[in-house]
Amino acid sequence: MNASGPSYQYIAFGISVDSAVSLSGFPTRSSDDTGESKTETLDIRRSSLRERIDDELDGVEVYNDPSQGLCIHRLAEEFFLQYRNVGRLRVSRDEIVFSPSANADASDIEWLVANLGLRLALIQRGTVVFHASAAVVEGSLVAFAGPSGRGKSTIAAACYAAGHTHHSDDVVPVAVTGPGREASVAPGPARMRVNEDVIRSLRLSQAGRQPDGTKAVIDTGDCHSTAAKELEVLYLLADDDSVAVDHLTTQNAVFELLSNSYALYAKSDAGSTNAHFDACGTIAGSVDVRRLSRPRSLQQLDRSVAAIERDVSK
């Protein structure tokens, strides 16, 4: 628990969380509700963190984007993250410690913890985390994966606008569970980030903006998943002049799952790298991985949603 200051209690991606910062969109919990398991707990607290990490002494740099001012190091049992003008994080499987920059406001800190801190904590727990968005379409949980800017949140927003249930945005954590090795996905926050032209095209209401101002926020609380669900189809998004769905072989599916998941183990943890590869192979055996080709036109989003509806209903 947090030693001082406010303490908020949530269920975030199936994990019981005690947090010193509010996490918009995640369901609150009572003090006796500890998520899926009493061992699945995470403490988020504020403390001072040093300003830099020494590669040789402390760990390996696994991600660096100078344009964003974002750098991530992997240490023995945790990640250390620095984000210019926002703050620093130290993340283990059971704890996120945040140290805000002097000029960071509450929304900056929340965004840092909820979007990057939780993502790294899930990775530390051995969860396969896909760069994807997810929705429940015709009763089936489907995810949309692809690199940044490919339209993952846009197609998920189009499904939501068509009356389907929102499940998670930008982060899809898959845990392989049960005797049948099902790929289970706990829901994310009831919020979605998209460009403003998407909101206008789909006639949705804007609930705010993310801290860097690049995207608008949609509140999906009126139609959002409340429990984990088995992932049935993962669509890889591709640009084309027409709408088409193509099935991938298991071998190609494993490659695509590896390409679209966060695996920050390079040069630092061979055991975790092998475990991640094996997990993607297991997921490829239980989830249908398909390529969804479609035009990028906002005016034709309804065609993509209709194709998904037909595909999952077969």
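In the predicted model, 8 strands form an open sheet of mixed pairing, arranged in the order S1-S2-S3-S8-S7-S6-S5-S4. The edges of this sheet are formed by strand S1 (8–12) and strand S4 (60–65), each of which pairs on one side only, and the twist from one strand to the next averages 15 degrees. Within the sheet, strand S3 (residues 41–46) pairs with strand S8 (residues 95–100) in the parallel sense over 4 bridges, and Arg46 stands opposite Phe98 in S8. Helix H2 (residues 106–124) packs on the sheet, where its contacts include S1, strand S2 (15–19), S3 and S8; strand S5 (70–74), strand S6 (79–83) and strand S7 (87–91) are also touched by H2, whose direction makes about 25 degrees with that of S7.

Side chains of opposite charge can pair when their charged atoms come close. The count of salt bridges in the model comes to 15. One of them joins the side chains of Glu95 and Arg45, with an N to O distance of 2.7 Å; because Glu95 lies in strand S8 and Arg45 in strand S3, this pair ties together parts that are 50 residues apart in sequence. Both residues count as partly exposed, Glu95 at 22% relative accessibility and Arg45 at 26%. A further salt bridge is formed by Arg90 with Glu78, the closest N and O atoms being 3.5 Å apart, and it links Arg90 in strand S7 to Glu78 in the loop between S5 and S6, 12 residues apart. Arg90, at 24% relative accessibility, likewise counts as partly exposed.

The side chains of Glu196 and Arg209 also meet in a salt bridge, at 2.2 Å from N to O. Since Glu196 belongs to helix H4 (residues 196–202) and Arg209 to strand S16 (residues 208–209), the pair ties together parts that are 13 residues apart in sequence. Glu196 is partly exposed, with a relative accessible area of 33%, and Arg209 is partly exposed at 38% relative accessibility. Through shared partners, salt bridges join Arg45, Glu78, Arg90 and Glu95 into one network.

In contrast to these partly exposed residues, among them Glu196, His167 is buried, with a relative accessible area of 0%. His167 lies in strand S12 (residues 165–168). When neighbours within four places in sequence are left aside, the contacts of His167 include Ala134, Ala135, Val136 and Leu141, together with Val185, Ala186, Pro187 and Gly188; His224, Ser225, Ala227 and Lys229 are likewise in contact with His167.

Methods:
Residues numbered from 1 in each chain as written. Predicted model: local features only at pLDDT ≥ 70, side-chain atom pairs only at ≥ 80, totals over all residues. Heavy atoms only, no water. Helix = DSSP H or I, 4+ residues; strand = E, 2+ residues; numbered from the N terminus. Buried < 20%, exposed > 50% of the residue type's maximum accessible area, 1.4 Å probe, protein only. Contact = heavy atoms within 4.5 Å. Pairing = 2+ DSSP bridges. Axes fitted to C-alpha atoms, helices over the stretch in contact; angles between N-to-C directions. Salt bridge = Lys/Arg side-chain N within 4 Å of Asp/Glu carboxyl O.
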